Amino acid sequence: MSKKEKKMAQVDEPITLDIPEEEIWSYQVEGLAAPHIGKPIKHYTFKKIIFALVIVVAVATSIFFSIRTVQKDTFEYKETDSGFELEKFSNTGYITELEIDYVSSVKYDTEDPDPNTNFRVVKDMSRKVTSIGKYALNCDEKVKVISIGADVKYVDPKAFYSCWALQRIEVDEANPNYCDIEGVLYNKDKTTIICVPTDHDTYRAEKYGHAKYDENGYRIEPATDDPNYEQYKKDVLTYVVPSSVTTIGQLAFNYANMADIYLPEGLTSIETLGLFEIPLLNGIYTYKGENVTDTHFTAREALGEVYLSLPEGLKYIGSDALSYNPSLEYIYIPESVTFIGHHAFWDDVYKESGELKGLAEINVAADEDTFKDNTDTGDSWRPQYDYMLFKKSVSVNYSAERKALN
């Protein structure tokens with residue numbers, strides 16, 4: 001029997017105290033302190049004051065260190081060989097425009113009760129920020145504009161992941177490594193598109209006169225039957241990737257609000273998660289025009305010859321590169337593609353009333369033997385759907401003819 005079981009099995013003799021009824025509130029058990037019922041506590045007022053002071057000091061200390069923690073944690077940096085890297089930005093809740101150029105801190109004005117105005121960002125001009133780390137602004141919901149300084153040499157592809165309010169990324173013109181086109185981040189020579197801000201469509205809606213808001217400040221998108229919808233779609237939901245671009249970077253278009261995208265025929269790589277989870281994405285087009293720099297779509301004629309789907313010359317499609325795009329109904333893979341990563345088109349198909357919707361098949365230019373010999377494919381690269389008690393991959397249409405434009 002264990003110690004616990006033995007203890008549970010013990011039966012103690014009951015103890016009975018014979019206490020007269022009139023002494024029930026004053027009876028003293030031998031060896032214990034006398035009852036304090038009805039008697040004043042010694043130094044009661046003094047002890048009460050001490051207790052109150054202790055509570056006040058504890059609360060004040062807690063508030064002080066809470067403010068200190070916010071001040072310390074708003075910006076977090078680490079020193080590198082070339083300067084400082086922004087590792088983490090934790091918004092005060094009221095910063096909507098962020099400059100990333102020098103090591104910064106937040107100073108609070110204790111006299112100002114308004115959280116919108118009771119702080120200021122202070123920069124140490126002797127310490128330059130030269131890199132922006134992975135998830136530096138992860139899931140920020142307030143910052144609308146980011147300004148990148150002239151000395152930033154490296155921006156991690158995941159630096160601005162899931163920044164839901166971000167509309168523009170602006171780069172100092174003196175920066176030799178990066179630039180922006182209308183608030184979209186590119187490398188300096190514009191061969192790689194790095195980050196389309198998640199809320200970039202709001203910036204475009206305002207620029208082209210389509211922005212309307214409800215009483216809570218949320219932007220209202222026009223319905224598809226709105227007479228102005230087609231123009232709205234061109235101005236706001238369509239993006240032209242410049243002809244200089246050869247690479248769509250990792251996470252470049254993640255969560256973008258976009259219906260159509262025009263890619264240059266010189267594109268060779270769509271990196272991991274490059275066109276990830278764009279719910280409205282329906283049309284992927286390729287154009288042959290040269291010296292195209294304007295990302296604003298006006299008409300197909302301005303882009304030269306245009307054809308439907310991925311560019312001739314594309315070689316690399318990364319893992320999850322075009323996944324979670326349920327509105328995508330057609331894809332054509334040219335013979336030039338030699339690598340397709342795992343889950344590249346994952347969850348691009350679904351069932352509705354027993355019918356397959358979205359990407360119900362994949363069209364491939366090469367014949368089956370050539371495709372399998374020349375193209376490395378990762379696990380589950382094709383979309384899958386529920387089929388009886390298991391998952392079934394969509395079919396591949398080999399030796400396919402490219403679909404003509406409408």
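Before we start, a sorting rule: Ala, Val, Leu, Ile, Met, Phe, Trp, Tyr, Cys and Pro count as nonpolar, Asp, Glu, Lys and Arg as charged, and the others, Gly among them, as polar. This is a predicted model, in which local features need pLDDT of at least 70, side-chain atom pairs count only at pLDDT 80 or more, and totals for chains, interfaces and linings use all residues. Residues are numbered from 1 along each chain as its sequence is written, and side-chain values use heavy atoms, with hydrogens and water left out.

**Stop 1: the largest pocket.** About 510 Å³ of space lies in the largest pocket. The lining has six nonpolar, six polar and six charged residues. How is a pocket found? On a 1 Å grid over the protein atoms alone, a pocket is an open set of points where a 1.4 Å probe fits, with protein on both sides within 12 Å along at least five of seven lines; lining residues have an atom within 4 Å of a point. Grid points are joined across faces, edges and corners, and the volume is the space filled by probe spheres set on the points.

**Stop 2: helix 3.** Now select residues 200-207, which form helix 3. (Helices are DSSP runs of H or I, at least four residues, and strands are runs of E, at least two, numbered from the N terminus.) Six of the eight residues in helix 3 are buried, where buried means under 20% relative accessible area with a 1.4 Å probe, protein chains only. Among them are Tyr203 and Arg204. The buried residues pack against strand 8 (168-171), strand 10 (184-187), helix 4 and strand 12 (238-240). After helix 3 comes Gly209, with a positive phi near 75°.

**Stop 3: His210.** Next, click on His210, in the loop between helix 3 and helix 4 (229-236). Is His210 buried or exposed? His210 is buried, with a relative accessible area of 15%. Its side chain makes a polar contact of 2.8 Å with that of Asp235; such a contact is a pair of N or O atoms within 3.5 Å, and within protein one must be able to donate a hydrogen and the other to accept it, while residues adjacent in sequence count only if both atoms are side-chain atoms.

**Stop 4: confidence.** Finally, colour by pLDDT, the predictor's confidence in each residue, from 0 to 100. The chain averages 89, and 83% of the residues score at least 70. Over residues 1-11 the pLDDT is below 50. Where pLDDT is low, the predicted coordinates should not be read in detail.

Notes. Buried < 20%, exposed > 50% of the residue type's maximum accessible area, 1.4 Å probe, protein only. Contact = heavy atoms within 4.5 Å.
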